[in-house]
2 protein chains.
Amino acid sequence: MNCDFVALANAGVRALQPYQPGKPIEELQRELGLDHVVKLASNENPLGPSKRVIEACHRAVVDITRYPDSSAYLLKAALSERLDLTPEQITLGNGSNDVLDLIARVFLSTGTSAVFSQHAFIVYPIAAQACGARAIVTPAQNWGHDLQAMADAIEEDTRVVFVANPNNPTGTSVSEKELDHFLQQVPENVLVVLDEAYFEYAQSGMQSDSGASDGLGLLKRYQNLIVTRTFSKAYGLAALRVGYSVSQPAIADLLNRVRAPFNVNSLALASAEAVLDDEGYLTEGRRINQEGMKQVSQGLQQLGLSFIPSLGNFLCFETQGEAMPVYQQLLQRGVIVRPIGIYEMPNHLRVSIGLPKENDLFIEALSQLI
Amino acid sequence: MNCDFVALANAGVRALQPYQPGKPIEELQRELGLDHVVKLASNENPLGPSKRVIEACHRAVVDITRYPDSSAYLLKAALSERLDLTPEQITLGNGSNDVLDLIARVFLSTGTSAVFSQHAFIVYPIAAQACGARAIVTPAQNWGHDLQAMADAIEEDTRVVFVANPNNPTGTSVSEKELDHFLQQVPENVLVVLDEAYFEYAQSGMQSDSGASDGLGLLKRYQNLIVTRTFSKAYGLAALRVGYSVSQPAIADLLNRVRAPFNVNSLALASAEAVLDDEGYLTEGRRINQEGMKQVSQGLQQLGLSFIPSLGNFLCFETQGEAMPVYQQLLQRGVIVRPIGIYEMPNHLRVSIGLPKENDLFIEALSQLI
């Protein structure tokens, strides 16, 4: 037998390229034989975990032979209270990536289309493509989303528009006023996914005047809005995988039909509950990020390198020519950043904001190359 | 605005009923005001976690602000060595449910069909339906899969056949010889998913003469075979969500295109590695299960209740009439089992094999009702 399994796969899947995650530290150390490595490649929280989370994990681990609570009763109650909404509006995911996939699986299929911006988070095209939907990509404006172009790009068969605010990898954002104006133009039968993975950082970003919005405030006026958030970034739970969406209950009900019943593991549930209670952790993470953002921005300026102002915990800088050689040379010096050629940004690199010492090492290594 | 979002969803999703998981102990205790509850509802390992797993979690938790290793380098290496195969054959899932979903998302869509048996694991119809595929359900034979009927039921548009061995909830199984004969009849362009979630128990089941097969042995001869397994059962990691499939690398490559890059969390990876190294845990779990199976079987016999012989860590018994009242009365006595009306078995209940004392409590509670 020599069957062509690719030919048997759904059309969208055949054309799919898998997401390329950042290089794990261990893998790089293996490859390069380095002792010390600084990873500023995956927009992770550099603080390390909240103490309450560690305690919660220690408590929860004794029950790991039991399935997780599929209804996530306690976490949904905690989120509802914190965000002033009802548990029926929440859909939990194995990271917000899972929620984005669920949205695509419910509303996208062959014969439909999804709209998103150039340079937008790569999971949107992957999720849409996997479901066989057509991608409508609008040109970026100053590296960010051109919301007017996105509204104008909606076609008869469009089911979903993805808006990342702030966007990864560019760090660009749109204001609440701009979003509102955009949502007014979107037909009510087209879903708008507002991906706020970096919301908690944006709230306290350097440029808070520019006013990155809180999408939850728009939910009451726009029934076709789905806001997604995550515990992977400011809450520091990337390893555990927990994200969520907030929407009308009718939409959450549809997402939950496709959701695997135990998609969020028990330690993720316990940890998310614990960190929601740890206001100090969030505050400290924001402070570290704000200071680090200033440090890295100034360092880049001193090196004469331009960068895209960012409301996230990362920024993109120009490498004066092809980025890959700079990426490779940084690797040799034990600093991992993220090349973003796949985002049509071959002359930029994305660097996550780390602890002061990590930021120093990055700037120091970069200064040796420029 | 009053948009009908259900009408916007893909056809398969509109008709979908979400999976109903077993009732969490805490929820039942809340509802009934019970102090002590025995949960024999979700085929969980009653041993509690392996000590090595607890240690591994304690070590891994300090890094939970970092994303998991998307390539699962270490776990794939350990599994490959253990199972005598290559890492390229493995696809990891957030539980084997995730892998079953991936298979459906890659190979099923509107205009295709999937074959499975009456009384088979409910995730097959859900996964197929979510992708818009037509379900071809073959009648059971003595509560188990009728493999000949399944082979005969394959149609032109059939892409996937799901075989659970042993099956959940019935505990029935097919022998390697029967499977081999079946696979010979399946066209090479139809994928056969052999779900071996309970493999590690079946290997040492009471009826080992009847020879539940090891599907991995068939992989070399049947390129269209996908074997799925899980760490949720005999390995005791239900809370952490880790399962996998083994297939030709070409099939694994397709599944990995749709797989979310960080679908398996870091603690799950570390724990699976740790428990693979703990041969004693598996041995003890099998022993406990074997003895408990004997204990529960004898108890049911003494009560004059018939049951379906099972190679898993659970069994289905007849309730002499409608099962739901018996289920409710067991609940009142603090014993949670699983009603399986949704499996077209309204006169059976499924009970998981617990520790000797838990089995006693179940039999004792049941004897008060019969």
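Modeller: A residue is called buried if its relative accessible area is under 20%. Please keep in mind that this is a predicted model.

Biologist: Is A:Ser352 buried or exposed, then?

Modeller: A:Ser352 has 2% relative accessibility, which is under 20%, so A:Ser352 counts as buried.

Biologist: Where is A:Ser352 placed, and which residues does A:Ser352 touch?

Modeller: A:Ser352 is in strand β13 of chain A, residues 348-352. Leaving aside residues up to four places away in sequence, the contacts of A:Ser352 include A:Leu40, A:Asn313 and A:Phe314.

Biologist: Let us turn to the rings. How many aromatic pairs are there over all chains?

Modeller: The count over all chains is 14 aromatic pairs. One of them joins A:Tyr198 and A:Phe314 in an edge-to-face arrangement, with 4.9 Å centre to centre and 65° between the planes.

Biologist: Which parts does the pair of A:Tyr198 and A:Phe314 tie together?

Modeller: A:Tyr198 belongs to the loop between β6 and α10 of chain A, and A:Phe314 to strand β10, so the pair links parts that are 116 residues apart in sequence. A:Tyr198 is buried at 3% relative accessible area, and A:Phe314 is buried at 0%.

Biologist: Now the charges: what sits over the ring of B:Tyr73?

Modeller: The charged end of A:Arg30 does, 3.8 Å from the centre of that ring.

Biologist: And over the ring of A:Tyr73, what is found?

Modeller: There it is the charged end of B:Arg30, 3.8 Å from the ring centre.

Terms used
Residues numbered from 1 in each chain as written. Chains lettered and ligands numbered in written order. Predicted model: local features only at pLDDT ≥ 70, side-chain atom pairs only at ≥ 80, totals over all residues. Heavy atoms only, no water. Helix = DSSP H or I, 4+ residues; strand = E, 2+ residues; numbered from the N terminus. Buried < 20%, exposed > 50% of the residue type's maximum accessible area, 1.4 Å probe, protein only. Contact = heavy atoms within 4.5 Å. Phe/Tyr/Trp six-rings, centres within 6.5 Å; stacked < 30°, edge-to-face > 60°. Lys NZ or Arg CZ within 6 Å of the ring centre and 35° of its normal.
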